[in-house]
Amino acid sequence: MLFYLDEFPEQRHHRKESELLFPKLRARTPLSRELLDQLDHDHAQGERRIRELEHALLGYEMMGEPRRAEFERQLERYVEFYRMHMALEEQQILPLAERVLTPQDWADLDDAFTANRDPLTGHEPEAPYRALFTRIVNLVPAPIGLGGRPAGASAHGVNAASTS
Ligand SMILES: [Fe+2]
């Protein structure tokens, strides 16, 4: 899954937001400049963040239990960062884009983002990625994937160990 995050959201999706969507917004409106700068900064940090997380996972795999807590801490930090980043884009940038971008802008963006062929946005995976996506979908718990409930989770999706 980390490999997917690196190959698709980091290298394809975020890059196109910074190189195509954000410049179009800056060209159409003076609004939200600081937010766009912040999101660009997030994108620029993305590769370093994913490398640190991959290293923490490798540390856990190679060194075992003593490295587990550090991996979990970094994973939680990454997920929190990612959720906040997505929330800003979805709640502030996309509504702004709907107000100010032209039909030609949207056509350009549709072409660029459709070319990502990201299977988690509904595209048939490209042949080299097919096995990876099958594996992810089978591991991820329902309703997002086809996998079983994670250990410790109740029927309501709440982790029994962290209900404080
Ligand atoms: Fe983004």
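**View 1. Arg-117 lies in the loop that runs between helix H4 (103-114) and H5.** Helices here are DSSP runs of H or I with at least four residues, numbered from the N terminus. This is a predicted model, in which local features need pLDDT of at least 70 and side-chain atom pairs count only at pLDDT 80 or more, while totals for chains, interfaces and linings use all residues. Residues are numbered from 1 along each chain as its sequence is written, and side-chain values use heavy atoms, with hydrogens and water left out. Phi of Arg-117 is near 50 degrees, a positive value in a residue other than glycine. Arg-117 is partly exposed at 32% relative accessibility (buried means under 20% relative accessible area, exposed over 50%, partly exposed in between, with a 1.4 Å probe and protein chains only).

**View 2. Ser-32 sits in the loop between helix H1 (2-28) and helix H2 (33-63).** Its phi is near 60 degrees, again positive in a residue other than glycine. Most residues other than glycine have a negative phi. Ser-32 has a relative accessible area of 27% and is partly exposed.

**View 3. A cis peptide bond joins Ala-142 and Pro-143.** Omega is about 10 degrees. Pro-143 belongs to the segment after helix H5 (130-139). Most peptide bonds are trans.

**View 4. The iron ion has the protein donors Glu-17 (OE), His-43 (NE2), His-85 (NE2) and Glu-89 (OE).** The angles subtended by the four donor atoms run from 83 to 168 degrees, which makes the arrangement irregular. Four donors count as tetrahedral if all angles lie between 85 and 135 degrees; four count as square planar and six as octahedral if opposite donors are over 155 degrees apart and all others between 65 and 115; anything else is irregular. The sequence spacing of the donor residues is E-x25-H-x41-H-x3-E. His-43 in helix H2 and His-85 in helix H3 (residues 68-100) link distant parts of the chain, 42 residues apart. His-43 is buried at a relative accessible area of 10%, and His-85 is buried at 3%.

**View 5. Asp-108 and Lys-24 meet in a salt bridge through their side chains (3.1 Å, N to O).** Asp-108 is in helix H4 and Lys-24 in helix H1, so the pair ties together parts that are 84 residues apart in sequence. A salt bridge is a side-chain nitrogen of Lys or Arg within 4 Å of a carboxyl oxygen of Asp or Glu. Asp-108 is partly exposed at 29%, whereas Lys-24 is buried at 15%. A search of the whole structure finds 13 salt bridges.

**View 6. Arg-73 forms a salt bridge with Glu-70 within helix H3.** The closest N and O atoms are 2.6 Å apart.

**View 7. The buried residues of H5 are Leu-132, Phe-133 and Ile-136.** They cover an arc of only 90 degrees around the axis, which puts them on the same side of H5; the arc is that of the directions from the helix axis to the C-beta atoms. Ala-131 and Arg-135 are exposed on the other side of H5.

Technical notes
Helix = DSSP H or I, 4+ residues; strand = E, 2+ residues; numbered from the N terminus. Donors = N, O, S within 2.8 Å, 3.2 Å for Na, K, Ca; no water.
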